[in-house]
Amino acid sequence: MNPDVAVREEAELGEGPTWDPASGRLVWVDILASRIHTYEPGSGRRTVMATGQHVGAAKPRAGGGLVVNLRDGVGLYGPDGAFSWLLRDPVPGRRGNDAAVAPDGALWAGTMRYDEATGGGTLTRITGDGAATAVPGPVTVSNGTGWSPDGRLMYYVDSPTRRIDVLDFDGHLAHDRRPFALIGDEDGFPDGLTVDAEGGVWVALWDGGALRRYGPDGTLDLVVELPVPRPTACAFGGPDLTDLYVTSARTGLRRPHPLCGALLVLPGIGRGMAGTAFAG
């Protein structure tokens, strides 16, 4: 299962691939270059937009445009490209990181400190009107978040824990966080994740050079080795949601592989679920 190269890019910290069915394109970010990328697999067309500050995630909005998890808070881009703040909360030394949209249309936005200080991150649920609910519990590097096909479970990664956790989801909030899968010290750090239509949880392993799929019961059932040592996240895309896109990073590598920073794709490896656009 060798990946194809969807976009040959030298992203410093590629992250957060998200399929936008309304436009038939993949949206992803380069956090440290403060760029939002789009890619249309049908035509090969690409766009790149500067955000002005580090951007951890960009997700489609129900009415068009994007919601973005920035250094200083959560903002909105309209269909015309106009920007406005939804929730501005600047904290020195902290930035937005990965984010995901829940089945009810709320954004779960994570943060982390630049120095990755223990307990310096947050995970916050943000509704379309900007109302915010902080998720209790320590967070250091907030990363992958996803939901089971029936919407009853939420999966979550705080990377330094080397775990994928699972929580009960009541349609709005999550409760009873507990370990779902453990990553060994020699296998890298769990980063971004996605959930497929069968309930399997796919996770990218930073410094592990691989993707893993865990079954709904938490059993490891597939490992896909990658040419890049720092894959960051994965998401299903394409018209049938059967192609798995993988972002990657080159930051911090002394001798990066030529494909570090590229957007990779594993065609036909599974089937994803249709995502939910942000309700704001």
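**Notes on the model**

1. The sulfur of cysteine 234 lies 17 Å from the closest cysteine sulfur, which belongs to cysteine 260, and this is too far for a bond. A search of the whole structure accordingly returns zero disulfides, a disulfide being a pair of cysteine sulfur atoms within 2.5 Å. Both cysteines are buried, with cysteine 234 at 3% relative accessibility and cysteine 260 at 0%; here buried means under 20% relative accessible area, exposed means over 50%, and partly exposed covers what lies in between, with a 1.4 Å probe and protein chains only.

2. As to provenance, this is a predicted model, in which local features need pLDDT of at least 70 and side-chain atom pairs count only at pLDDT 80 or more, while totals for chains, interfaces and linings use all residues. Residues are numbered from 1 along each chain as its sequence is written, and side-chain values use heavy atoms, with hydrogens and water left out.

3. The secondary structure of the chain consists of zero helices and 24 strands, where helices (H or I, at least four residues) and strands (E, at least two) are DSSP runs numbered from the N terminus. The radius of gyration is 17 Å, close to the 19 Å that the globule rule gives for 280 residues, so the chain is as compact as a globular protein of that length; the radius is taken over C-alpha atoms, and the rule is 2.2 Å times the number of residues to the power 0.38. Along the principal axes, the C-alpha atoms fill a box of roughly 45 × 40 × 40 Å.

4. Of the 280 residues in the chain, 55% are buried. The chain exposes about 11,500 Å², of which carbon and sulfur atoms supply 49%, with areas taken from the Shrake-Rupley method with a 1.4 Å probe and, for residues, only the protein chains shown counting as cover. Among contacts (heavy atoms within 4.5 Å) between residues at least 6 apart in sequence, 43% join residues at least 24 apart.

5. How many salt bridges are there, if one is defined as a side-chain nitrogen of Lys or Arg within 4 Å of a carboxyl oxygen of Asp or Glu? The count comes to 17. One of them pairs arginine 162 with aspartate 185 at 3.3 Å, N to O. Arginine 162 sits in the loop between β15 (153-158) and β16 (163-169) and aspartate 185 in the loop between β17 (174-182) and β18 (189-195), so this pair ties together parts that are 23 residues apart in sequence. Arginine 162 is buried at 17% relative accessibility, whereas aspartate 185 is exposed at 61%.

6. Arginine 213 deserves a separate look. Its side chain meets that of aspartate 196 in a salt bridge of 2.8 Å, N to O, and the pair links distant parts of the chain, with arginine 213 in strand β20 (residues 210-214) and aspartate 196 in the loop between β18 and β19 (201-206), 17 residues apart. Arginine 213 is buried at 11% relative accessibility, and aspartate 196 is buried at 3%. Arginine 213 also forms a salt bridge with aspartate 221, the closest N and O atoms being 2.6 Å apart, and aspartate 221 is partly exposed at 43%. Salt bridges with shared partners join Asp196, Glu198, Arg213 and Asp221 into one network.
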